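Visitor: I would like to go through this model with you, one question at a time.
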Amino acid sequence: MIKMKKILFVFAAMIALAACGNKQVVAPAEGDGASNEVAFEVAKNYFFKNGQEIPSSPKITTAEEFGKLFGMATTMGEDGKPTPIDFTKQFVLAIVLPVTNLGTEITPDRLEEKGDTLFYFYDAKVGEAQSYSTQPISLVILDKKYIDKEVVMINEQVKDYYVALERYLTEQIAGHYAPGEYTVPLSDIVAVNDEDSTDIRLWGDFWVYNYKQVGDTLKCVSGGSHPGLIHICKTDENFYVSRFDQVEDGSRYLPSAKQIFGEYFESFQLHHSDADNREVERADVLRIFVRDHGLTATMYQDYGWPAKELK
């Protein structure tokens with residue numbers, strides 16, 4: 001099986017969210033007088049350019065940066081023109097997901113200002129397999145007076161912290177590897193502390209795998225291991241990853257692993273070295289993924305290894 005640790009692409013920094021471990025971030029609730037709804041416009045008829053790395057921050061503040069990442073998808077008719085953006089007065093918040101063969105719809109809901117923070121509530125629904133691949137994006141335009149605000153992205157579909165973890169691995173980690181049609185995360189959890197809902201901590205060995213289906217076989221095209229400590233925040237109803245303390249590479253691997261895992265270090269070592277058990281777990285996760293997304297695959301395969309049956 002593949003045993004890669006960030007060897008295909010350099011791991012990019014996560015979206016700049018508020019770190020609950022440092023300060024409590026409370027998302028605004030309906031009727032909360034301390035928050036104000038922020039007007040925005042949805043930017044239409046743009047696409048994410050091939051070969052560009054998914055941005056590590058949702059903020060796009062200059063025309064140069066925007067032009068490097070996005071192209072215009074002009075079609076016939078008045079509604080087919082790209083929405084104009086004036087970066088002297090405006091900036092953009094961008095959601096860019098990895099290339100996928102699954103029908104994906106991103107719908108901006110609302111933006112609310114509370115103190116120095118903008119809470120961006122959106123809905124990202126993932127459906128069944130399609131006969132083609134796309135790169136889902138969503139762009140919203142804001143007045144530049146909000147440009148210095150910290151942005152917290154809240155997916156309204158995520159109402160469980162394990163779901164928040166899977167979405168983070170799929171949307172923020174997998175996109176920095178060679179794209180496939182499907183991303184399947186695998187979390188080998190070592191320990192959990194969820195006593196404080198503003199800083200739920202999950203220690204583990206976090207894997208992502210990108211697959212393409214060829215015939216009846218899911219072929220792994222990229223992936224890797226990212227061990228460390230995931231911090232998750234809970235708002236009124238939703239969860240989101242606020243920080244990822246990741247084990248370093250090279251000579252810093254053992255010292256950083258011992259520092260991050262602390263009393264759970266020996267347990268982490270056992271988990272990380274147990275490739276046989278991880279392979280069993282991966283097969284289980286793949287079977288569920290194939291079933292839930294209506295795929296026809298009956299086998300899976302790593303590069304250079306024989307295909308294995310998804311019983």
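Visitor: In which strand does lysine 212 lie, and is lysine 212 buried, exposed or partly exposed?
Guide: In this predicted model, lysine 212 belongs to strand S12, which spans residues 200-214.

Visitor: Which residues is lysine 212 in contact with, leaving aside its neighbours within four places in sequence?
Guide: The C-alpha atom of threonine 183, 29 residues away along the chain, is separated from that of lysine 212 by 9.2 Å. With neighbours within four places in sequence left aside, the residues in contact with lysine 212 are Pro179, Gly180, Glu181, Thr217, Leu218, Lys219 and Val221.

Visitor: What distance does helix H2 reach from its first C-alpha to its last?
Guide: Helix H2 covers residues 161-173, and at its start a side-chain oxygen of aspartate 160 comes to within 2.7 Å of the backbone nitrogen of tyrosine 162. For its 13 residues, 18 Å would be expected at 1.5 Å a residue, and the helix comes close to this, with a reach of 17 Å.

Visitor: Which residues are closest to the centre of the largest pocket?
Guide: The largest pocket holds about 770 Å³ of space. Its lining has 30 residues, and H2 is one of the elements that give two or more residues to it. By class, the lining divides into 17 nonpolar, seven polar and six charged residues. Closest to the centre are Glu166, Thr170, Pro185, Phe289 and His293.

Methods
Residues are numbered from 1 along each chain as its sequence is written. This is a predicted model: local features need pLDDT of at least 70, side-chain atom pairs count only at pLDDT 80 or more; totals for chains, interfaces and linings use all residues. Side-chain values use heavy atoms; hydrogens and water are left out. Helices (H or I, at least four residues) and strands (E, at least two) are DSSP runs, numbered from the N terminus. The expected span of a helix is 1.5 Å times one less than its number of residues. A polar contact is a pair of N or O atoms within 3.5 Å; within protein, one must be able to donate a hydrogen and the other to accept it, and residues adjacent in sequence count only if both atoms are side-chain atoms. Contact means heavy atoms within 4.5 Å. On a 1 Å grid over the protein atoms alone, a cavity is a set of points where a 1.4 Å probe fits but cannot get out, and a pocket is an open set with protein on both sides within 12 Å along at least five of seven lines; lining residues have an atom within 4 Å of a point. Grid points are joined across faces, edges and corners, and a volume is the space filled by probe spheres set on the points. Ala, Val, Leu, Ile, Met, Phe, Trp, Tyr, Cys and Pro count as nonpolar, Asp, Glu, Lys and Arg as charged, and the others, Gly among them, as polar.
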